[in-house]
Amino acid sequence: MSRVVTASEVLDGHVALDIECLDRIYLNAYVPILQSSGQVVAFMTQHLGLPIPSPALMEKISTKFRRSVASFAEANGIPWVRFAKEDRKAEVMAPYLRKAAAAGRSQVVAIGVAQEFQRVWAAYRRDTATAAPQYTFAKADRRVTCYYFYLWDEDFGPAFIKVCAYFPYPAKIWVNGHEWAKRQAARAGIAFTELSNGFAACADPVALQEICNRLQPGTIEVFAQRWLHRLPLPFGPADQRAGYWWEISMRQIEVSRTLVFDAPRRARAFFEALIAGNLDIGRPANVEIIFNRHIRRDTPGVFRTAIDRPVIGPDSGGVVLNLFYKHSRIKQYLKDGRAMRIETVINAPRDFRCNARLPNLEALQAKARAANHRILEAERAGQGTVLASPAFERIAHPSADADGRRTPALRFGDPRVMALAGALCTTLLAATGITNKSLRALMTGLLHTPYSPGQMTYDLRRLRLHGLIRRLGHTNRYVLTPDGIKVAVFYTKLHNRLLRPLLAADQPPAPTELRAALRTLDQHVDGYIARARLSTAA
């Protein structure tokens, strides 16, 4: 039984750059001691010292917060953008971010305003016999105002912090690991070429990978707290000292692996063949291996493979393979036509047996990186997943060595080259090797024309410089190399068994059905030319 070849084995030796990095990082910011109704009451009565916990107080804080945001924007000349329902926020804010990037200093680029559903505290008045009103507090989804503070940071580049304008003021933080790594590499003096949201080439890949590895929870925590203290927020220093401040947890983490091909022109054909051969990669047996998790009958989630197209961006013309596990998935797609991107998208850290608090990011990233490696070990490489044919490329084009000596090409279809391939095929079992005289006799019979010793010497030199034959030590005899055997057999069989029969398919001994189909095709083409009133070529 033949061994299955994996995608990882096919990629070996054909990857110019292999970089693993955190990609999009989407975080929750929440106040831990405002997550229960009792904590809300304690905030109003114990922290603020009010006798009655009332929703009027929540509205008062929210109104003050909204006014402070408007004043902050006006005082600092920050653009105020109201998002429409159908707006793509990233596209709307892109011009402001580009302008800030050109300035090169950390700043609030713009403030976006949107109406969105958020999980907030709602108050319900209870019917009581007492004169003083009493309220019950419960979480509810409400359509409220949200502020998007779009930032340009000297360390992280583009980012945003979204803050809900209603109690308990949940927030979201978004940063990009690749953007952070680009800025650190530039500061370290490492030359690199950008890929859209990644790296296409790098002068020092080892140093670049070390930089990507340095993006840890502490780095992100410092960024988040620095900006939370700079922005106008509903809680101030006194609240923070009492413990009413935001802590960070992971909402969605993308851990990527980017493999840049050394021959990008074959990348799309390779990737599409890889996807076509692994449409069943989402089966539970494969998911169990890739995610290193035991799959049982009661494991939640639908195990499937989904093929999608990117909605926007430079890769919108390609396809994306999605492999699902519980709430998370792995995406695999072609990046900018020259690299394969594998991304483990984690929507619930507990899928990987990690807690959601930000300090657990390091352990979560390690597990996601392992999954990114295992998917290539699980994917089967079919016949079409070929990244290079070095022997064919080497012989089909002329080349020159380091000393400037030119080696002519051995082009498929050239009568002399095809005769040379046929002659080599007849010497595959020659125990004593090949000589000028023995090969010249075969060439004369195949070409049916005179073939001189000088021509044979010239062709032997071509074969040797292309690596198809090698000389036996201290003799004038040659033997075929492994590449020489493959090229000779391939050239001969392709020409004799495929091209010649196909080009003569309208004549006997081609099958009658094939000849009839070709005649029908020829008649239709002639009719099309006649209807177009095109004159016959002279």
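Helices (H or I, at least four residues) and strands (E, at least two) are DSSP runs, numbered from the N terminus. The structure is a predicted model, in which local features need pLDDT of at least 70, side-chain atom pairs count only at pLDDT 80 or more, and totals for chains, interfaces and linings use all residues. Residues are numbered from 1 along each chain as its sequence is written, and side-chain values use heavy atoms, with hydrogens and water left out.

His 178 lies in helix α5 (residues 177–187). With a relative accessible area of 1%, His 178 is buried (under 20% relative accessible area, exposed being over 50% and partly exposed in between; 1.4 Å probe, protein chains only). Beyond its neighbours within four places in sequence, His 178 is in contact (heavy atoms within 4.5 Å) with residues including Cys 21, Asp 23, Asn 197 and Arg 341.

A nonpolar core is a set of buried Ala, Val, Leu, Ile, Met, Phe, Trp, Tyr and Cys residues joined through side-chain atoms within 4.5 Å. In the largest such core, of 123 residues, Trp 246 and Met 340 touch the most other members. Strand β4 (residues 134–153) supplies the largest share of this core, ten residues. A second, separate core has 23 residues, among them Val 417 and Tyr 451.

Helices α14 and α15 pack at an angle of about 105 degrees, with their axes 10 Å apart. The table lists the residues that make this contact.

| Helix | Residues | Contact residues |
|---|---|---|
| α14 | residues 436–447 | Asn 436, Leu 439, Arg 440, Met 443 |
| α15 | residues 453–465 | Pro 453, Met 456, Thr 457, Asp 459, Leu 460 |

Terms used. Axes are lines fitted to C-alpha atoms, for helices over the stretch in contact, and angles run from 0 to 180 degrees between N-to-C directions.
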